[in-house]
Amino acid sequence: MKVFKFGGASLESVERIRQVGQIIQSYPDDKLLIVISAMGKTTNELEKVAQNFYLRKREIAAQLLYNIEQQHIQIAELLLGTRENPLFVQLQQFFTEAEWTLGEKPMRAYDYYYDQLVSMGELLSTAIVSAYFNTVGIHNTWLDVRDIFRTDDNFRDGNIDWAYTQRQVTEKVMPMFNETGIIIAQGFIGATDQNESVTLGREGSDYSAAVFANMLNAESQTIWKDVEGLKNADPKLFKNTVNIPEISYGEVIEMAFYGAQVIHPKTIKPLQNKQIPLYVKCFLDKNLPGTVIKEVADLRNLPPLIVLKKNQVLLHITSKDYSFITEAKISDIYEIFHGLKIKINLMQNGAISFSCCIDHNPEKIELLIKTLHNDFKINYNEGLELLTVRYYHDGLLEELSSGHPILLEQRSPATIQRLWKK
């Protein structure tokens, strides 16, 4: 039993979808559960639909949704060569449900509508890939993961009910392998006990695959990407990046925590709990060795690990009455950040001040300021970047930081973080 995950880049064209099929055909003797993301930039496009709907710009939202519908129908026709396949009825049902949502007046929080609309991307991609595979002899069963993954109603960052979901996997998913050796499921989504769609956090398909791997006691999980393996930095942002042959669970968790986009932060724990290795391999050339992530790895030759988070904001919070920022005050501030679902990427506190770096989200920052303004003065800087380097050396830091005025810095023997103006 192996679990595979294919991301949007591996599905962004007809040619790449066919290439995914060739990869699957090279594992004829394995039972495979395949987790699939939305195609290409579909998630980004669906986010625009949700945003315009919530702003009551329904005509724009409807047009954007129509564009997505035509894109997916065109890909499906190219893959299947006909519109007679039942797939097209299934696709129409998904879009009809989305149109019903657009016909409502937004009466609930934005995150709720975001999840109802954006979750459709994975449903579309998996339905198309499943139908295509069956037509070319890769027999598989399509699974609506919302029938399996039970979550709470923490929309856009759902928490999985592990006991319920494990029962569903045992009672419903495992018997499916008696029918076909391949199951295709969505990443990124689940559902509440009221059958409301919930997403598990941006780029959450890695985590979905890890949950399946844990509950199926899989031999391994493989994430198929458009790079040769795990790199020490994003090759789109940095020159001379190097491939990492093997790395430990702990190091990958650190990289994900600091903002590396390679693997979703929640992915590692379900795998580590059952000692399931995670492979990162290249779908453009499956014969490349890639990277293996496991409990114990040889870290002696590990290069500096570099993460750059863009579009950051530095908040400087100062007590109006000059009272100390004590543990109790910090606890209160933390509670407010938690309630607004704002993650702190870097923080420092002084006698009467608390400074922190967060992602730029104007709506949440506005709410935060309204909540804090009675007791605190708040200043903030936008357009910043946060650099994190593990296993740094001074020469590298000088090269990376050259020309950037540093606003905030934290350093330990293993890790340094620098926040600067872009």
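Which residue caps the N-terminal end of α7? I found that Asp-161 does, with a side-chain oxygen 3.3 Å from the backbone nitrogen of Ala-163, a polar contact being a pair of N or O atoms within 3.5 Å, one able to donate a hydrogen and the other to accept it, where residues adjacent in sequence count only if both atoms are side-chain atoms.

I kept in mind that this is a predicted model, in which local features need pLDDT of at least 70 and side-chain atom pairs pLDDT 80 or more, while totals for chains, interfaces and linings use all residues. Residues are numbered from 1 along each chain as its sequence is written, and side-chain values use heavy atoms, without hydrogens and water.

Helix α7 covers residues 162–176, helices being DSSP runs (H or I) of at least four residues and strands (E) of at least two, numbered from the N terminus. I noted a bend of about 35 degrees at Val-169, taken between axes fitted to the seven residues ending there and the seven starting there.

In α8, I looked up Asn-214, which is buried at a relative accessible area of 7%. Leaving aside neighbours within four places in sequence, Asn-214 is in contact (heavy atoms within 4.5 Å) with Trp-162, Pro-270, Asn-273, Lys-274 and Ile-276.

Last, I followed an open antiparallel sheet of six strands, ordered β12-β13-β11-β14-β16-β15, where pairing needs at least two DSSP bridges.

Notes
Buried means under 20% relative accessible area, exposed over 50%, partly exposed in between (1.4 Å probe, protein chains only). The expected span of a helix is 1.5 Å times one less than its number of residues.
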